[in-house]
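Student: I am new to this structure and would like a close look at a single part of it. Please take your time with the explanation.

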2 protein chains.
Amino acid sequence: MMFPEDEYMMRMNYTKQKMQEYGVEVLIVSNPSNMYYLTGYNAWSFYVHQVVVVMIDQDQPLWVGREMDAHSAKVTTWLDDDHIIPYPDEFVQSSIRHPMDFVANILAELGQGERKIGLEMDAFYFTAMCYERMLQGLPNAEFKNSSTLVNWVRLIKSDLEIEYMRKAAVLVDKAMKAAYDTVGVGVRENEVAAAIYHAQIAGTADFGGDYTSIVPMLPTNENTASPHLTWTDRKYKKGDYLTVEIAGCYERYHAPMARTMALGEPPDEIKKLADVVKEGIETTIARIQPGMTAEEVEDIWSQSIAKRGFFKDSRLGYSIGCSYPPDWGEHTVSFRKGDLTVMQPNMTFHLMPGIWLDHYGVEITESILITEEGCETLATTPRDLYIK
Amino acid sequence: MMFPEDEYMMRMNYTKQKMQEYGVEVLIVSNPSNMYYLTGYNAWSFYVHQVVVVMIDQDQPLWVGREMDAHSAKVTTWLDDDHIIPYPDEFVQSSIRHPMDFVANILAELGQGERKIGLEMDAFYFTAMCYERMLQGLPNAEFKNSSTLVNWVRLIKSDLEIEYMRKAAVLVDKAMKAAYDTVGVGVRENEVAAAIYHAQIAGTADFGGDYTSIVPMLPTNENTASPHLTWTDRKYKKGDYLTVEIAGCYERYHAPMARTMALGEPPDEIKKLADVVKEGIETTIARIQPGMTAEEVEDIWSQSIAKRGFFKDSRLGYSIGCSYPPDWGEHTVSFRKGDLTVMQPNMTFHLMPGIWLDHYGVEITESILITEEGCETLATTPRDLYIK
């Protein structure tokens, strides 16, 4: 177990407090990051349906999942074995049986079937079919949307979580260096990706790396306008420029980072845009204070780039912490207009000032920690446009 | 584009034929593998909602996704630019606006709002909230579950798809060799994972590797009873044994494989179980014939291991092809009782004879291709218990 039992109990308490606020007595957690956060459950099994059930009047949640994964639950969670409930393999990807039928039965048997039940309605792995089966299986329950209930509990990190994120930042520094050391004329894009992966996972002499929730994104030239392209096996040519968006991950905790690189002198428009982005992020980092709202943070950036004639219509960043594929974002706070979340110490964000124009883009980003005095970056890689 | 336009048109035709069978006029495709299969769309953007819409009377589908991903759609799909419809960033992870509101509006504007609309009700990224918003947004539509409609179209591969899977198999052979070459007493588990990743992605002199839809799974000792555990940074000790389940991936096409390895002479019970598994898979591979049902394939295996006193209560394998995280399975055919799918040439499967007992497990698996005469394995790594 990666956290002391005390810390899990505190997470449970905050979750129950929020359940009370939401008017929810039973919470069905399908988001693997939330399952991990509450119980420690850590296995690549979220491609089948599985849940953690929190009951407001019970100390321990239940884990309900596939039979062959029950042993993983026993070795990775703090739950007693009798709180780990496996369903038979005949429920897996069947057109007849659905795992949520099994979950509904368990809840009915435990006398939970007529309570107010929170569902993570927009969580990645809670499908439309899961919802339909819950409605059918528990006709007397009252369902409420609790999509990001646990995500909001995750917002302020403990010191141990911050320690893991600092380790993740060491890994992302190493991986970004590996990208820069490997990229070159005649090298294939996939070779840069391979070097990044190796650095992320091989880690340091002191600790190893975990898999990141998003794979390396390495668009080149015109494709830098498309931030979520991955890589091909094309060879880099002289004059190519690319963005590298990656993370380090330690025990599911992430520190993302993006940099922009060029092979030889890049076009003036790229250099100019990189200056604007760098000035914008540095101005923002210098001025973030606890007590500010998320939209005020965004406004610092917007004003900085507006002076240079630029405008970014996508959010400036988002909350980060522990997570599973397909996203390392926490799906709570976004730096954008209308988000009134107040910055507090031990919140962590990916400050994501990418600007993507029609034919090119530049990304220079940082994972940041809100402190008592302002904010600090977790990683140390310089924020330059890298020219090789 | 990785396939000629003819091949995409054929995929569209088979999809429309199946839509007619299902009684569906409009199909909303959310599964990234199905989006890729029909259009070529390939970017790591499935952490926000995005869809491909197939209309039974239109040649081209629509792509609807986030504004910053529209350029990726332009460069990776065969669609005309006016079939690529971006939604603004304010729809992303918002508590007010939902991307499916946008999709519903588009469909209404195009006069599709009162038709029979198929939804992938149990696809990973089609959440309960997506469904609720579609119901609200198109109150006069008639919705039908079409969860695996396109998945079934994907079942029989084209020769070009098989060629990609053969390349994926070259990559998995390389990656399994890297695992074996790296593992050893005093080596950390994450270093084996790093070596696997590097081999998967660096590829060969002729072609590079793509990211696999599942990360390396490397449980050790008692944890081999938990097939979906990944890795830690613990050092291997003399006498350890481990299972290695990985894949190679070329252009989203996968060839998975698992092997079992031991550092020094493994316990007799592991060796005995490995013999049973090896005999079972080899008997099954020798006897698979086109024309058999999936449950008949499973029965060959069951009878083989029953002679030795063993029983496996999870399915023996599943259909494979192109895919995105979190799964490389196609979610159609499973080798298990009750699956009456008839084996046909150019179907491809992960034959997955893992046996997981209470305190240990053994996996020796193969990616197979059904041929006119029987079946062949895509990869070449010998099926031994690896002792180092």
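Student: Which residues of strand S11 (residues 348–351) of chain A point one way and which the other way, and are they buried or exposed?

Tutor: This is a predicted model, in which local features need pLDDT of at least 70 and side-chain atom pairs count only at pLDDT 80 or more, while totals for chains, interfaces and linings use all residues. Residues are numbered from 1 along each chain as its sequence is written, and chains are lettered from A and ligands numbered from 1 in the order in which they are written.

In S11(A), Thr348(A) and His350(A) point one way, whereas Phe349(A) and Leu351(A) point the other way, and all are buried; a residue is buried if 20 or more other C-beta atoms, placed from the backbone, lie within 10 Å of its own. A strand here is a DSSP run of E with at least two residues, numbered from the N terminus.

S11(A) is joined by 3 bridges to strand S9 (residues 317–320) of chain A, and these two run antiparallel; two strands pair if DSSP finds at least two bridges between them. In that pairing, Gly317(A) stands opposite Leu351(A). S11(A) is also joined to strand S14 (residues 366–370) of chain A, here by 4 bridges and again antiparallel, and in this pairing Leu351(A) stands opposite Glu366(A).

Note on methods:
Buried ≥ 20, exposed ≤ 12 C-beta atoms within 10 Å, placed from the backbone.
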